[in-house]
Amino acid sequence: MRSTSSTYRKPRSANRASAKTAAAALAAALALSLTACGGDDDKSSDTGATGGKETGTSLTLPKLNGQSLQVAAVWSGEEQANFKKVLAEFEKRTGAKVTFVPAQDPIVNFLGSKVAGGQPPDIAMLPQPGAIKQAVDKKWAKPLGTEAKAELAKNYSQGWQDIGKIGGTQYGVYYKAANKSLIWYNAKVFENAGATEPKTWDELLTTAQTVYDSGVTPFSVGGAEGWTLTDWFENIYLSQSGPEKYDQLAKHEIKWTDPSVKDALTTLAQVWGKKDYVAGGAKGALQTDFPASVTQTFTGGDQPKAAMVYEGDFAQVNIQTAKAKVGTDAKVFPFPKVGDTAPVVSGGDAAVILKDSKASQALATFLASPDAATIQAKLGGYLSPNKSVDISSYPNPVQQKIAKALIDSGDDFRFDMSDQAPQAFGGTPGKGEWKALQDFLTNPKDIAGTQAKLEADAAAAYGN
């Protein structure tokens with residue numbers, strides 16, 4: 001996910017959890033080849049603007065006729081359009097008017113300008129724990145009220161609740177989650193090449209060579225956006241070095257010059273540094289944004305620009321844009337294990353109140369409910385950490401299995417490392433980790449130089 005973070009310390013419940021359970025759940029969930037099926041029609045309730053609890057819903061909302069709200073997020077395209085449908089349902093049920101405010105990345109900088117101008121949005125969707133902490137430290141964020149906290153307690157595991165807390169106070173509702181340990185592939189290319197889904201890193205390299213030998217470039221990489229590159233690194237590092245080291249590096253308790261980082265970069269270079277393994281080479285990848293990295297994998301008939309693209313479940317929105325069918329044209333396997341276990345890296349976006357009011361508290365409560373999440377789940381390209389959302393709400397078997405794996409993992413996950421870092425290091429285009437890994441994509445032989453740059457930038461950002 002996009003990153004706009006400040007320093008964040010993971011909750012103890014998430015730190016002590018092993019990744020093994022989630023990895024096993026995901027591997028089991030995605031082991032079978034799945035075919036797509038149509039989802040149910042959107043059954044969001046067609047209610048009036050009178051407030052209250054409507055038939056087929058779980059939540060009573062207040063009457064808010066005449067009140068207006070603004071919600072800011074960095075979402076664009078179909079992701080934004082789908083979220084607006086959720087906001088429209090809130091409008092129908094309360095009578096409030098909700099305006100979506102497109103935010104620039106990093107969103108914390110965008111919000112800073114709005115606050116300085118005296119016009120902050122009522123709610124901001126913040127894409128990592130560190131951004132919540134920064135909003136609290138700047139005294140922008142307002143605590144959640146009783147109703148929102150009750151809805152969270154009913155629908156979320158303790159780990160997801162804790163990630164939205166700062167100093168023991170609940171500020172965030174994690175409305176959107178991501179399973180960022182997936183590799184999507186063009187099923188036709190795999191079939192033509194005789195390639196199989198790998199379970200280990202060595203098998204992935206074998207699969208890549210098989211695809212290459214068939215005449216198709218193995219990987220598409222959206223290197224124009226540094227966050228995609230940090231996700232590659234994090235999956236390798238978590239699997240290869242383990243959860244304890246992952247947590248230490250996330251908090252800069254060990255340096256980026258540590259041998260474990262060298263090992264991960266060396267492994268990563270087996271893909272990034274392999275001639276003709278990345279579509280367009282390093283130069284082309286650095287000019288390819290994330291949406292294009294997905295769509296170019298699923299367009300072009302038997303000769304797409306690449307056979308595989310790494311990224312989270314949210315890639316389904318872009319797969320649909322390419323007019324490919326998830327589960328038929330586009331299939332998926334868990335990110336292969338590099339060490340003893342496969343990685344499970346998650347991300348997410350939390351609703352945080354910036355202007356406290358009856359209306360903003362009601363919207364936060366609504367976003368914590370299965371009513372809101374179910375609407376967007378049916379539209380695809382979305383994953384909710386809300387355990388009360390019926391798995392059948394998701395529009396195809398692949399998405400249903402991914403969602404079930406996330407919920408079944410409980411607190412056994414690791415949150416995106418760069419999303420936990422200070423914004424200057426883990427969440428700013430052209431700087432810090434994003435820039436260092438873009439440079440590494442260009443020159444994967446310079447492992448020592450990359451480590452030195454990462455450590456210098458991390459030390460400056462963390463202040464230690």
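Ser239 lies in helix H10 (residues 226–241), where helices are DSSP runs of H or I with at least four residues, strands are runs of E with at least two, and both are numbered from the N terminus. The model is predicted, so that local features need a pLDDT of at least 70 and side-chain atom pairs count only at pLDDT 80 or more, whereas totals for chains, interfaces and linings use all residues. Residues are numbered from 1 along each chain as its sequence is written, and side-chain values use heavy atoms, with hydrogens and water left out.

When residues up to four places away in sequence are set aside, Ser239 touches Lys337, Val338, Gly339, Asp340, Thr341, Ala342 and Pro343, a contact being heavy atoms within 4.5 Å.

## The chain as a whole

The chain contains 21 helices and 12 strands, and 60% of its 464 residues count as buried. Among contacts between residues at least 6 apart in sequence, 79% join residues that are at least 24 apart.

## Helices H12 and H20

Helix H12 (residues 259–272) packs against helix H20 (residues 432–442) at an angle of about 50°, and their axes lie 10 Å apart. That angle makes H12 oblique to H20, given that angles under 35 degrees count as roughly parallel, those over 145 as roughly antiparallel, those from 65 to 115 as roughly perpendicular and the rest as oblique. The axes are lines fitted to C-alpha atoms, for helices over the stretch in contact, and angles run from 0 to 180 degrees between N-to-C directions. The crossing of H12 and H20 is right-handed, that is, the near helix is turned clockwise from the far one by less than a right angle, anticlockwise being left-handed.

On the side of H12, the residues in contact are Leu265, Leu268, Ala269 and Trp272, and they meet Leu437, Phe440 and Leu441 in H20. This contact of H12 with H20 has seven nonpolar residues, no polar ones and no charged ones (Ala, Val, Leu, Ile, Met, Phe, Trp, Tyr, Cys and Pro are nonpolar, Asp, Glu, Lys and Arg charged, and the others, Gly among them, polar).

## Two residues of this pair

Leu441, which is placed in helix H20, counts as buried because its relative accessibility is 2%. Leaving aside neighbours within four places in sequence, Leu441 is in contact with Gly223, Leu229, Trp272, Ala282, Ala285 and Leu286. Leu441 and Trp272 are 169 residues apart in sequence, yet their C-alpha atoms are 6.0 Å apart in space.

Asp263 is found in helix H12 and, at 42% relative accessibility, counts as partly exposed. The C-alpha atom of Asp263 is separated by 8.1 Å from that of Gln240, 23 residues away along the chain.

## Helices H6 and H16

The axes of helix H6 (residues 146–155) and helix H16 (residues 358–367) come within 8 Å of each other and cross at roughly 5°, which makes H6 roughly parallel to H16. Glu147, Ala148 and Glu151 of H6 make the contact with Gln361, Ala364 and Thr365 of H16. By class, the residues of this contact divide into two nonpolar, two polar and two charged.

Helix H5 (residues 129–137) is largely enclosed by the rest of the structure, because seven of its nine residues are buried. The buried residues of H5 are Pro129, Gly130, Ala131, Ile132, Gln134, Ala135 and Val136.

Just after H5, Lys139 takes a positive phi of about 65°; Lys139 belongs to the loop between H5 and H6 and, at 67% relative accessibility, counts as exposed. Lys323 also has a positive phi, of about 60°, although Lys323 is not a glycine. Lys323 lies in the loop between helix H15 (315–321) and strand E10 (330–334), and with a relative accessible area of 78% Lys323 is exposed.

Terms used
Buried < 20%, exposed > 50% of the residue type's maximum accessible area, 1.4 Å probe, protein only.
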